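Please open the model in your viewer and keep a selection panel at hand. The tour moves from a single residue to the sheet around it, and then to the helices and the core.

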Amino acid sequence: AAAAAITLIGAFFLLNPADRSGVPREFETATSAADGRAMDYVLSIRFSANAARSDRERVLEQIGARDVSRGNAEGSYRVIVQLSAASLEDLERYTGKLESMPEVESASVVALQLPMRSDQ
């Protein structure tokens, strides 16, 4: 009887009509294929000591940085960039490209700001 109940419950979830109709489930992962929305990522970027202010501003403009906090004692900036939902590997490639720039010493993703629903 327990096995039959488990089978029926499993079949219900596998054959749920909402999944076949294209209606998204209430909860989906941020990187699911169905979700193509952009997300705000908070980056920590440390520029090279010899990078001129104009070079720093050019890099920040190039990546579409906003809400920029100016460099702290270590020379790190906190910025928000809007990117499509990405896997950890995609984010590592993105920060790796930033680090390959001569002006950038290091770059890392430190936070993610999830998009808010417009109907709430």
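Select V81 and display its surroundings: leaving aside neighbours within four places in sequence, V81 is in contact (heavy atoms within 4.5 Å) with M39, D40, Y41, L43, I63, G64, A65 and Y94. V81 lies in strand 3, where helices (H or I, at least four residues) and strands (E, at least two) are DSSP runs numbered from the N terminus. Its relative accessibility is 0%, so V81 counts as buried; buried means under 20% relative accessible area, exposed over 50%, and partly exposed in between, with a 1.4 Å probe and protein chains only. If you draw a distance between C-alpha atoms, V81 and D40 are separated by 5.6 Å, although they are 41 residues apart along the chain.

Before going further, note that this is a predicted model, in which local features need pLDDT of at least 70 and side-chain atom pairs count only at pLDDT 80 or more, while totals for chains, interfaces and linings use all residues. Residues are numbered from 1 along each chain as its sequence is written, and side-chain values use heavy atoms, with hydrogens and water left out.

Now switch to a cartoon of the whole chain. The protein comes to four helices and four strands, which follow the pattern α-α-β-α-β-β-α-β when read along the sequence. Of its 120 residues, 27% are buried, and among contacts with a separation of 6 or more, 66% are between residues 24 or more positions apart.

Next, select the four strands, which form an open sheet in the order 2-3-1-4 with antiparallel pairing; two strands pair if DSSP finds at least two bridges between them. Strand 2 (66-69) and strand 4 (104-113) stand at the edges with a single partner strand each, so one side of each has no neighbour in the sheet. Neighbouring strands of this sheet are turned by 25° against each other on average, direction ignored, where axes are lines fitted to C-alpha atoms, for helices over the stretch in contact, and angles run from 0 to 180 degrees between N-to-C directions.

Zoom in on strand 3 (residues 76-84), which is joined to strand 2 by two bridges, the two strands running antiparallel. Here S69 has R78 of strand 3 as its bridge partner, and R66 stands opposite I80 in strand 3. Towards strand 1, nine bridges join that strand to strand 3, again antiparallel, and R78 is also the bridge partner of S44.

Which residues of helix 3 are buried? They are R56, V59 and L60; seen down the helix axis they fall within an arc of 95° (taken from the directions from the axis to the C-beta atoms), so they line one face of the helix. The face turned away from this buried side carries the exposed residues S54, E61 and Q62. Just after helix 3, look for G64, which takes a positive phi of about 75°.

In helix 4 (residues 88-99), select T95. At 10% relative accessibility T95 counts as buried, and, not counting residues up to four places away in sequence, T95 touches A107, S108 and V109.

Finally, colour the largest nonpolar core, a set of 20 residues in which I45 and F47 have the most contacts; such a core consists of buried Ala, Val, Leu, Ile, Met, Phe, Trp, Tyr and Cys residues joined through side-chain atoms within 4.5 Å. Strand 1, helix 3, strand 3, helix 4 and strand 4 each supply at least two residues of this core, and the largest share, five residues, comes from strand 1.

The structure holds one aromatic pair (rings of Phe, Tyr and Trp, the last by its six-membered ring, pair if their centres lie within 6.5 Å, with planes under 30 degrees apart counted as stacked, over 60 as edge-to-face and the rest as tilted). F47 and Y77 form that pair, edge-to-face at 5.3 Å centre to centre with 85° between the planes. F47 lies in strand 1 and Y77 in strand 3, so the pair ties together parts that are 30 residues apart in sequence.
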